[in-house]
Amino acid sequence: MILLFLGSPGVGKGTYAQVLTEVLEIPHISTGDLLREEAKRDTPLGREINEIMMKGELVPDHVMLKLIEERITHDDCKNGFILDGFPRNLVQANHLQNLVDITHVLNFKADDEVIIQRLSGRITCKKCNMIYNKVGKKPEIEGVCDKCGGELFQREDDKPESVKKRLDVYREKTQPLIDHYTNKGLLVEVVINKHIIEIKERLISQIKAYLEGKINKIEEIK
Ligand code: ADP
Ligand code: ZN
């Protein structure tokens, strides 16, 4: 099973990917996480990536393609994987098509106000990348990751200036992929306007049923 997760920054796709990776027992590949690892390094490439991410722009395609090609050849990907954050434009999508057979594309959606609220409250673990939210899924102890004890922080690019740019880039570059995958008959919508955690179990069981071919649509939970 090769799943692509599409959707605007802040929609909740990363949070759902972190749950589904356990349920489906396939790895979660987040290009944002891979890039943040790379950006921590004090190398020319690390510094370049860091600068682009802070501006909310897209990292060049040749860098992304190399990163993805390398990651999906790891042993843990042999039964499939979840791609979260890739592809982000048509060049990347066309390239990916030559590498693997995508089985499903989940397009995560939420209203604009919900997205802005999620982005401004998001906090991430420095060590394991687990996602929390100041107004949503809070950690048990403030500032500390439940899973690994790591320190929680607000991503530099979750500050308002970068957020606006990321949402613009999403609309311009990534949104066209929705038509692309709809035309291929691969896309299903997943709407998450309600509190992510409250509806998590019901939504996850619908997503599972969809992936198993038992239902052909994922209903919004209201
Ligand atoms: P979000 O989806 O919340 O914006 P991500 O963690 O997926 O966050 O991405 C953070 C940043 O990493 C993006 O703003 C962009 O600069 C870079 N990035 C991630 N994936 C890609 C990609 N496939 N192509 C180019 N840049 C990417
Ligand atoms: Zn952690």
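Of the 222 residues in the protein chain of this predicted model, 52% count as buried, where buried means under 20% relative accessible area, exposed means over 50%, and partly exposed covers what lies in between (1.4 Å probe, protein chains only). The accessible surface of the chain comes to about 11,700 Å², with 49% of it belonging to carbon and sulfur atoms; these areas come from the Shrake-Rupley method with a 1.4 Å probe, and for residues only the protein chains shown count as cover. Residues are numbered from 1 along each chain as its sequence is written, and chains are lettered from A and ligands numbered from 1 in the order in which they are written. Local features need pLDDT of at least 70 and side-chain atom pairs count only at pLDDT 80 or more, while totals for chains, interfaces and linings use all residues; side-chain values use heavy atoms, with hydrogens and water left out.

Turning to the overall fold, the chain has 9 helices and 8 strands, taken as DSSP runs numbered from the N terminus (helices H or I, at least four residues; strands E, at least two). The radius of gyration is 17 Å, which agrees with the value near 17 Å for a compact globule of 222 residues; here C-alpha atoms are used, and the globule rule is 2.2 Å times the number of residues to the power 0.38. Along the principal axes, the C-alpha atoms fill a box of roughly 45 × 40 × 35 Å. Among contacts (heavy atoms within 4.5 Å) with a separation of 6 or more, 68% join residues 24 or more positions apart.

One open sheet holds 3 strands in the order S6-S5-S7, with antiparallel pairing; strands pair if DSSP finds at least two bridges between them. Strands S6 (131-133) and S7 (152-153) stand at the edges with a single partner strand each, so one side of each has no neighbour in the sheet. S5 (residues 122-125) and S6 are joined antiparallel over 3 bridges, and Ile 123 has Tyr 132 in S6 as its bridge partner. In the loop between S5 and S6 sits Asn 129, a non-glycine residue with a positive phi near 70°; Asn 129 is buried, at 14% relative accessible area.

Glu 25 counts as exposed, at 70% relative accessibility. Arg 36, in helix H2 (residues 31-40), counts as buried at 17%. Beyond its neighbours within four places in sequence, Arg 36 is in contact with Ser 30, Met 53 and Arg 155.
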